[in-house]
Number of protein chains: 2
Amino acid sequence: MLNVVQLGLGPLGQNIVRFISERRGIQLVAAVDPDPAKQGADLGTLCGLKSMGIPVSNNLATALQDKHADVAILATVSDIEILELQIEEAASLGLHIISTCEELSYPWESFPRIAKRIDRTCRIYEVACVGTGINPGFLMDYLPCVLTSVCQQVEHIRVSRIQDASTRRVPFQQKIGAGLSLAEFKAKEAEGTLRHVGLTESIHMIARSLHWTLDRVTESLEPVVATKKLKSGHMPIAKGHAAGVEQIARAYVGKKEVIRLHFRAAVGEPESIDSIEITGNPSMKSVISGGVNGDIATCAIAVNAIPAICSAGSGLKTMLDLRVPGCFDGS
Amino acid sequence: MLNVVQLGLGPLGQNIVRFISERRGIQLVAAVDPDPAKQGADLGTLCGLKSMGIPVSNNLATALQDKHADVAILATVSDIEILELQIEEAASLGLHIISTCEELSYPWESFPRIAKRIDRTCRIYEVACVGTGINPGFLMDYLPCVLTSVCQQVEHIRVSRIQDASTRRVPFQQKIGAGLSLAEFKAKEAEGTLRHVGLTESIHMIARSLHWTLDRVTESLEPVVATKKLKSGHMPIAKGHAAGVEQIARAYVGKKEVIRLHFRAAVGEPESIDSIEITGNPSMKSVISGGVNGDIATCAIAVNAIPAICSAGSGLKTMLDLRVPGCFDGS
């Protein structure tokens with residue numbers, strides 16, 4: 001039995017708690033959230049389950065005062081600089097760490113100093129740490145790398161994740177700018193708050209796996225504009241307003257494009273699809289029609305990674321370093 | 001730089017040699033084959049490459065007399081009982097082992113005593129050993145398990161590998177009975193020589209990953225009968241003769257089917273396709289239209305697994321235990 005402490009009890013964190021409660025072989029022993037309204041609440045009750053007898057605490061040391069845990073799941077912040085402090089504390093308590101923070105999925109290029117510090121900290125305390133989720137963490141990086149396992153040679157990788165956001169959680173719809181006027185969209189984009197984070201991380205993870213040295217990485221971001229009034233999302237969207245976002249990241253060796261990641265998430269998108277196209281020897285195209293629901297998948301992969309992170313050795317890892325974190329829902 | 005010794009220089013082994021010669025970061029240092037006609041031949045020349053200055057030897061100890069190797073690739077025999085002796089010798093020389101032997105991919109259920117002995121031997125010599133290939137080893141076991149990583153729950157897994165065998169190597173076309181009369185097909189089937197090996201291994205690997213306890217596994221085998229004269233294979237096939245083989249393996253928990261693997265390889269098959277359908281939360285269907293060419297892929301994954309096996313720890317491993325063995329074709 002592996003003991004888990006959950007840090008962060010927003011919608012994602014609460015869903016992770018529900019998922020863990022359904023599994024055998026793992027169990028929650030403590031939970032932490034800084035929200036004063038949640039302090040002392042029963043973890044199970046807070047997450048819509050039966051009482052677990054686990055009070056929500058506002059700090060990790062207190063939460064684990066008389067308990068042993070193996071793994072901490074951090075569904076707390078998106079900012080890796082803040083996350084670093086949380087990782088340090090968890091590592092110092094001997095906990096392996098799984099986080100849904102996008103920037104942690106492959107921080108070696110975007111945040112090399114932070115990555116090195118986290119790696120050193122984890123090695124000192126002999127724990128492993130990984131960032132995961134549906135994307136980054138699986139669909140646009142890990143899975144393409146897995147598929148290259150049967151290739152002798154790779155020339156180009158193209159990954160597309162096209163999603164109808166109508167059925168995604170409200171914060172996700174807000175994050176992609178659904179419903180904003182184009183002026184509001186541009187303002188939020190300038191603030192840096194409207195953006196799917198992770199394409200650059202995914203590109204660097206793929207390049208690392210292939211042992212490619214990239215010369216240049218670009219990323220574009222545009223609104224997907226509603227061509228008619230849309231009602232399928234969490235609020236109606238007027239014609240001419242943003243229905244979502246389209247981002248394209250490209251990586252080059254010399255002048256040659258070698259990786260292209262295409263992310264498009266919008267309310268009313270006619271067809272959800274996840275596709276991976278490898279040009280090489282052999283070439284192949286893998287398609288998941290309908291796509292993979294990200295809200296379920298991000299929580300599931302964080303839970304499925306629990307046994308894998310416990311046997312991953314010490315240091316800051318990427319998903320590529322882990323044994324297959326497959327679903328384990330049997331006895 | 002990782003040093004590799006190749007054991008077995010049939011078509012598969014020679015292709016592995018060619019693939020290794022195209023990569024950076026790995027190199028061949030020795031080669032072994034029992035065929036007297038190949039003794040002393042230059043490995044490169046034998047494989048249609050430039051001379052490598054490596055003479056083919058008929059035993060491993062001699063081949064490595066004054067050389068250091070990290071990994072042995074065994075493309076030698078299909079019979080795990082004979083393979084065990086080769087593994088023992090390679091392990092005793094401190095070599096990690098990658099084999100294309102189908103039965104080694106997951107021997108824990110079909111050959112538990114041999115599996116335990118191999119595991120013990122590898123632990124004694126502190127080396128790792130894995131069986132891999134396109135199938136078993138990737139398409140019908142590893143990849144489905146990878147896809148479950150984003151599932152909270154799995155009810156059923158259905159994998160289909162449907163192949164037009166016209167473009168596969170001649171021994172493969174012979175193995176699936178292409179061109180035999182139905183009487184010859186039945187006779188070869190009774191001998192046990194006409195059969196794609198690996199479906200049972202794949203089923204047990206999937207069940208292990210999901211922590212499922214199976215109650216029953218069945219496997220059927222039927223000829224695919226040519227409905228007209230076929231000319232696309234290595235020899236013409238008369239109408240009414242076998243064009244290939246169809247095998248279906250099913251796993252049950254109680255009376256409920258939980259895994260179905262459908263393998264069909266025949267000359268003239270109209271559409272090659274690899275598909276994985278997971279029923280669960282979430283459900284998904286992943287399709288590779290055109291399928292993956294097994295001759296390239298089996299050699300590529302054996303080569304790609306070289307770095308991964310070196311960091312896998314000690315013992316008999318499965319593909320599930322390895323870090324992602326992605327293609328590494330960069331500098």
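This dialogue goes through a predicted model with chains A and B, taking the interface, the domains and the sheets in turn.

Biologist: How many residues of chain B are in contact with chain A, and how much area is buried between the two chains?

Modeller: The size of an interface is often given as the accessible area lost when the parts come together. Here 49 residues of chain B are in contact with 49 residues of chain A. The area buried between chain B and chain A is about 4,000 Å², and carbon and sulfur atoms give 55% of that. On the chain B side, B:Val150, B:Gln152 and B:Val324 lose the most area to chain A, together 17% of what that side buries.

Biologist: Which polar links does the rule find across that interface?

Modeller: There are 30 residue pairs in polar contact between chain B and chain A, both residues being at pLDDT 80 or more. The rule also finds two salt bridges across the interface. A salt bridge joins the side chains of A:Arg323 and B:Asp321, with N to O at 2.5 Å.

Biologist: Which helices and strands of chain B each supply at least two residues of the side that touches chain A?

Modeller: They are helix H7 (142-147), strand S7 (153-164), helix H10 (199-210), strand S12 (284-289) and helix H11 (294-310) of chain B. The largest share, six residues, comes from S12(B). By class, the side of chain B that touches chain A has 29 nonpolar, 14 polar and six charged residues.

Biologist: In which sense does S12(B) pair with strand S12 of chain A, parallel or antiparallel?

Modeller: The two strands pair in the antiparallel sense, over three bridges. To find the place in the structure, look for A:Val287, which stands opposite B:Val287 in S12(B).

Biologist: Now for a single chain. What domains does the assignment give for chain A?

Modeller: Domain 1 of chain A takes in 2-133 + 296-321, and domain 2 of chain A is 142-291. Domain 1 is therefore written as two stretches, with domain 2 numbered between them. The C-alpha centres of the two domains lie 26 Å apart. Their contact takes 10 residues from domain 1 of chain A and 11 residues from domain 2 of chain A.

Biologist: How much area do these domains bury between them, and on which atoms?

Modeller: Domain 1 and domain 2 of chain A bury about 1,100 Å² between them, 73% of it on carbon and sulfur atoms. In domain 1 of chain A, A:Glu102, A:Tyr106 and A:Leu320 lose the most area to domain 2, together 51% of what that side buries. Between these domains the count is zero salt bridges, and the rule finds zero residue pairs in polar contact with both at pLDDT 80 or more. The side of domain 1 that touches domain 2 has five nonpolar, two polar and three charged residues.

Biologist: What is the strand order of the open sheet in chain B, and which strands stand at the edges?

Modeller: Seven strands of chain B form the sheet in the order S3-S2-S1-S4-S5-S6-S13, with parallel pairing. Strand S3 (56-57) and strand S13 (315-316) of chain B stand at the edges with a single partner strand each, so one side of each has no neighbour in the sheet. Within this sheet, S4 (residues 71-74) and S5 (residues 96-99) of chain B pair over four bridges, and B:Val71 stands opposite B:His96 in S5(B).

Biologist: What order does the open sheet of chain A have?

Modeller: Chain A has an open sheet of seven strands in the order S3-S2-S1-S4-S5-S6-S13, also with parallel pairing. In chain A, strand S1 (residues 2-7) and strand S4 (residues 71-74) pair over four bridges. The bridge partner of A:Val4 in S4(A) is A:Val71.

How values were computed:
Residues numbered from 1 in each chain as written. Chains lettered and ligands numbered in written order. Predicted model: local features only at pLDDT ≥ 70, side-chain atom pairs only at ≥ 80, totals over all residues. Heavy atoms only, no water. Contact = heavy atoms within 4.5 Å. Buried area = accessible area lost by both parts, 1.4 Å probe. Salt bridge = Lys/Arg side-chain N within 4 Å of Asp/Glu carboxyl O. Polar contact = N/O pair within 3.5 Å; in protein donor to acceptor, adjacent residues only side chain to side chain. Nonpolar A, V, L, I, M, F, W, Y, C, P; charged D, E, K, R; others polar. Pairing = 2+ DSSP bridges.
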